[in-house]
Amino acid sequence: LLTIWTSGTLSYYNQEISQWMMPELGTQPPAQQIINTSLQELNLRGVDAKRWDISLPNERSNQLKITWADSLKRRAKRESIILQSDTLKPIEPRETKGGQFFRQFHYTLHIRQYGGRYVAGVAAMFMLVALFSGIFTHRRFFRDFFTLRFKKSLKAMADLHAVAGVITIPFCFLMSFSALSVYTDMYVPWSMNYHYEDGRQGIDKHIATKLSSVIPSNVATTPINNFDHIEKRIHDIWPEKGAISNIRYEYPFDQNGRIVVSRQERFSVSRKTEKIAFSPHSGELIEVVKPEGVARTTRRVLYGMHEANFAPPTMRFLLFFMGLSSTFLIGSGLVIWLNKRLEKVKERHIGHTIVEKLNISTIMGLLLAIAGYFYANRLLPIGMADRSILEINSFFIIWLCVFGFVMIRPIKRAWRELLLVASASYFLLPFIDFFINHQWLLQSIKNHNFIYVGVEFSMLLTGIICLMFYRWLNKKACYVAT
C-alpha cells in the first residue's frame, strides 16, 4: 500500500516530472502554426502511411510528437519524431519513461501482464477495510484531531497519524473505491463471460460508443495541409483555449479518409475522450462520438476522478497534498503498529526485528530508489541503448541495495544513516542538474516555466525534510545514550 500510494501521489505530476526528465525539449512556449508545420512534416515523411498522429503540447507538457503508421491497428508498425515546440525543428530527447513510470508502477507494480493489477486490487480492498475499521477506532474525530502531544515522539506520531487519518478519509475512500471500479471487469468477470461470447475482453465492442469504422475507397486524393479552417470549426464546439490534444488522420490519401480530433482531458471529469471527425479533404464535420450509457459513464467519471487529469493547478496540489498525507498515514501506521506490540512484550524477538527492518527497507528504500531513478536520468549517457530500461532497473537495484544495507546494520543507525543519505541525495540533485547544463534552469526561469523550477524546488524541500527527521532522530539517540 505504501508503494502504491507513494507512486500514485507522484503520478499527479507525471507530465511535469516527464518534462523535467527530458530537458532537451526546452521550456519555451509553443510557436504559432504548430499544427500546419506538423502536417508539412507528415506529408514529407509519411507519404504511404495509413495513419498520421499529432500529439500537441499543453500547459503541463511541452512535448510535440508526430507519428505515422502503416495501419490503423493499435500494434501497427509506426515511426515517430519529436519536434521542438518553439522552433518546430526535429530533436532527439533522451530516452526515458519519465513520470509515466510512476503512473504505471502504482497499479502494475512492474509485474507483467495483469498480475500487478490483481495485487493492487487486493491492496485497495484491504485499504477500504482499514479505512472503515480506522473510522470505528477513531470515532472521536474532534478529540483525536485536536490532540497533539509533541513531548514524546511515539505519541506525537500517533497523534499526527490520527490527524492524517481524519483529513484523508474522503480521499482514501475515493481513491480505493475508484481503483476497484476501474478494473471491475477484471476482478469480477463472470457475468460478462456468461452474457457475451467474447467475455470481458470484447465487452467494449458492445457497450462503448465510438466513431464508425473507416472503409477505404482506394481512390487517391490529397489531404488538407492548412488546418486553420477546421480549427475554427472546433473552436465553435470547444471554445476553451488549447482544447485540442491529438489530431489523427485516418487514410489521409484516400477519398474515404477522415480527421479525428481529440479534446484535452482537463476539460472533462470523465475519462471518456471527446472526439470529432472531419473530412480530410473538405474540412466538413462528419461525426461526433455519442455519449455512453449511465453505468459506463459512471465508471468513466470514477476513472477520471482517480487520475484527476481535469484538475486545475490548485486542485492538483491539494490532491498531491492529500496523497502525501495518506502516504504518511500508512508509513506512520507501520511504525506505530510495531511499537505498540513492543510495549506489550518484555523482550524483543526475531519477528519484531524482521518487521522493523522491512519497515526501514520499504520506507527508506522507496525514497532512495526514487532519487536513484532521477540520478540515472541525468547521469546515464544519452545515446545509451535501452536507456529507459536502465533507468527503471536503477530504481529497483538501489531499492535492493537498501534492503541489503538494512539487513546488516543496527536498526537505530539504519534509520539515521539512510535519512542522511536521502537528504544529501535530494538536496544535491538540483545542483548536479545545474552543473550538467545550467541553461536548463536559467531558460526555465527566463521563460517563466514554473514546472521545471517547481520540480527542482520539490527536490530541495524533500532533502530538507529528510535532514529534519535525521536531526530529530539523532537528538533522540543522543538523549537516550546520555
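Leu88 is buried, at 11% relative accessibility (buried means under 20% relative accessible area, exposed over 50%, partly exposed in between, with a 1.4 Å probe and protein chains only). The model is predicted: local features need pLDDT of at least 70, side-chain atom pairs count only at pLDDT 80 or more, and totals for chains, interfaces and linings use all residues. Residues are numbered from 1 along each chain as its sequence is written, and side-chain values use heavy atoms, leaving out hydrogens and water.

**Positive phi in loops**

- Most residues other than glycine have a negative phi.
- Leu88, although not a glycine, has a positive phi of about 60°.
- Leu88 lies in the loop between β3 (78-83) and β4 (90-91); strands (E, at least two residues) and helices (H or I, at least four) are DSSP runs numbered from the N terminus.
- His448, also a residue other than glycine, has a positive phi near 55°.
- The loop between α18 (438-446) and α19 (450-481) holds His448, which counts as exposed at 58% relative accessibility.

- Ser423 belongs to helix α17 (residues 411-436) and is buried, with 7% relative accessibility.
- Beyond its neighbours within four places in sequence, Ser423 is in contact (heavy atoms within 4.5 Å) with Gly463, Cys466 and Leu467.
- A distance of 8.7 Å separates the C-alpha atoms of Ser423 and Leu460, which are 37 residues apart along the chain.

**Arg341**

- Arg341 is located in helix α14 (residues 313-342).
- The relative accessible area of Arg341 is 36%, so this residue is partly exposed.
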